[in-house]
Amino acid sequence: MKKHTIAITSILLLFIGLQSCKKDKLATKGITESWDITSSNTGTTYTMTVFYPDKQFPSTPVPVIYVLDGFWWKDMAGEVISDLSGSGKIPKCLMVSLDYKKDDGVYARSVDLQYPGDGVDAKAAGEKFFQFMKTELLPKVDGKYECDTANRVLFGHSLGGIFTLYSLLDNAIYPLFKKCIAASCSIGLGLDNYIFEKEKIAATKVTDLPVKLFIGSGTYVGSSPAMHQEFYKRLKNRNYPNLKVGFSLYPEQHGTDPYPIFRDGIQFVFNN
Amino acid sequence: MKRLILIFFPVLLMAQKPVKTFEKINHKWTVQAGFCIPEFYNLGYELNANYYPYSKSWVRLGPSLQINNFYLVPAKFFETNNKEKSTSAEFRANALFNVEFIPFKKNSFYIGFAPYIGYQVLNNKGNIKNAKEGIDLNWNYTINTFDFGTRYKLGGFFGKKQQYGLEAALQMSNRGIADDNPLSKFFNVGLPTYKAYVSLGFVYRIK
């Protein structure tokens, strides 16, 4: 009986040990710093994790990548930034990962990342979150670190992805972020998919959209890949002279498609 | 109820008082069918054929062939005017190697594990329409990948002939440990291409 117990215990310990295998954490890839910021626009306290793939923060201006829903994606994004900048495929960048001080981001994000509309949660307050980024977060980051303010990137996935697209089109005249990566967006949001309506409205207001935008989706995400492709086609057919828009599908599901989309998107927005 | 069955399963087996011979406890051939619960909004079933050429009083070893099938249960995450007809289905064929321990000398209760390799096909197809936005789209995407992982299980046989049994199992793809995606791990919940599920199956002893 003793040898059985040892064998079974060994298997269990091996199983538990394997759980911790693979996937490096951010701190092993460079320097990190965290600080809180309370927004007067949203009334929420956010925790920012700033990462730079080096031993010290930069002394000359570098691009800044803002990662929405950082509580899910910051390790992945930091690893990609570290690997790609290390191999010279993208410039060395600061990463600012947005998280929630109360650790309730899974719920709080749905208020911040949705713009109001028919069929959308009544609490949606995307505009307030955008104003927080524009008037509070970005000035603070720009003042605290050496930032290339013409080279800001916004990355969002799911609700973060639809926020990325919507805020871009909502501010089409003066886009706050000139480089955007919209991953596996909640593209069916709104009774009639309001991002399609927003795209039409933006087209009546601007003749150009000087932005580099990468859109992607996994193929095992219901109607999402087809809807993303349709949105991409409509945007591309506007023939905005200075819009560089890329699109790709990946054999992934919603939980894993952020990685290839971010990996390819970050190269697209820096190299096109 | 399922939880109670799992907790009291070993006790129930002991209470059956089967004919306690080595041959009765250690079978050669079995087939089994199980109901599976993986991530949310997903259901499935599995069919296994098991062969045990090697048996000792406390352990038996042998290969299995398994097929499983999962499908997505349609769910609306947002209020919408879209008209959508779609199916998302998964099919897998796996070859397992079972290592089963029989801790009680005169009882068929067993616990075990089985590493596996296999092939999986995931298909997502459908149509979506929205008259207001002029959307009418068809799609059909298939993902084909090799897979590997492990199955952890406990079970046992009941009745005088020890011919019928139940098995509860946790099966998981471990492919995430070897790929380059930082979002996949050794054990994943809610990722169809790195499938993990629990199953409750009925086992029939052929020989």
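## Elements of chain B

Helices are DSSP runs of H or I with at least four residues, strands are DSSP runs of E with at least two, and both are numbered from the N terminus. By that definition, chain B of this predicted model has two helices and nine strands. Read from the N terminus, the order of elements in chain B is α-α-β-β-β-β-β-β-β-β-β.

Chain B has 207 residues, of which 37% count as buried. Among the contacts in chain B with a separation of 6 or more, 62% are between residues 24 or more positions apart.

L170(B) sits in strand β8 (residues 164–173) of chain B. Leaving out residues up to four places away in sequence, L170(B) touches Y152(B) and V198(B). A196(B) is 26 residues from L170(B) in sequence, and their C-alpha atoms are 7.3 Å apart.

F187(B) belongs to the loop between β8 and β9 (196–205) of chain B. F187(B) is partly exposed because 18 C-beta neighbours lie inside 10 Å. From F187(B) to G134(B), 53 residues apart along the chain, the C-alpha separation is 42 Å.

## Contact between the chains

Chain A contributes 35 residues to the contact with chain B, and chain B contributes 37. On the side of chain B that touches chain A, the elements giving two or more residues are β5 (83–101), β6 and β7 of chain B. β6(B) provides the largest share of that side, with seven residues. By class, the residues on this side of chain B are 20 nonpolar, 12 polar and five charged.

## Helix α7 of chain A

Helix α7 of chain A covers residues 224–236, which is 13 residues. From the first C-alpha to the last, α7(A) reaches 18 Å, close to the 18 Å expected at 1.5 Å a residue. The buried residues of α7(A) are S224(A), P225(A), A226(A), M227(A), H228(A), E230(A), F231(A), Y232(A) and L235(A).

Which elements cover the buried residues of α7(A)? The cover includes elements from both chains: α6 (194–205), β7 (212–218) and β8 (244–250) of chain A, and β6 (110–130) and β7 (135–158) of chain B.

L235(A) lies in this helix, α7 of chain A. L235(A) counts as buried because 21 C-beta neighbours lie inside 10 Å. Apart from neighbours within four places in sequence, L235(A) is in contact with E199(A) and V245(A). T38(A) is 197 residues from L235(A) along the chain, and the two C-alpha atoms are separated by 36 Å.

## Helices α5 and α6 of chain A

Helix α5 (residues 159–170) of chain A packs against α6(A), with axes that come within 9 Å and cross at roughly 20°. Angles under 35 degrees count as roughly parallel, so α5(A) is roughly parallel to α6(A).

On α5(A), the contact is made by I162(A), L165(A), Y166(A), L169(A) and D170(A); on α6(A), by I195(A), K198(A), E199(A) and A202(A). By class, this contact of α5(A) with α6(A) has six nonpolar and three charged residues, with no polar ones. E199(A) takes part in this contact and is also in contact with L235(A).

An α-helix has 3.6 residues a turn, so residues three or four places apart point the same way.

## Helices α2 and α8 of chain A

Helix α2 (residues 70–86) and helix α8 (residues 258–271) of chain A have axes 10 Å apart and pack at an angle of about 40°. At that angle, α2(A) and α8(A) are therefore oblique to each other. The crossing of α2(A) and α8(A) is right-handed.

The residues of α2(A) in the contact are W73(A), M76(A), A77(A), V80(A) and L84(A), and those of α8(A) are P258(A), Y259(A), F262(A), R263(A), I266(A) and Q267(A). Nine residues of the contact between α2(A) and α8(A) are nonpolar, one is polar and one is charged.

Is α2(A) mostly covered or mostly uncovered? α2(A) is mostly covered, with 14 of its 17 residues buried. After α2(A) comes G88(A), which has a positive phi near 80°.

Conventions: Residues numbered from 1 in each chain as written. Chains lettered and ligands numbered in written order. Predicted model: local features only at pLDDT ≥ 70, side-chain atom pairs only at ≥ 80, totals over all residues. Expected span 1.5 Å × (residues − 1). Buried ≥ 20, exposed ≤ 12 C-beta atoms within 10 Å, placed from the backbone. Contact = placed C-beta atoms within 7 Å. Nonpolar A, V, L, I, M, F, W, Y, C, P; charged D, E, K, R; others polar. Axes fitted to C-alpha atoms, helices over the stretch in contact; angles between N-to-C directions. Parallel < 35°, antiparallel > 145°, perpendicular 65-115°, else oblique. Left-handed = near helix turned anticlockwise from the far one by under 90°.
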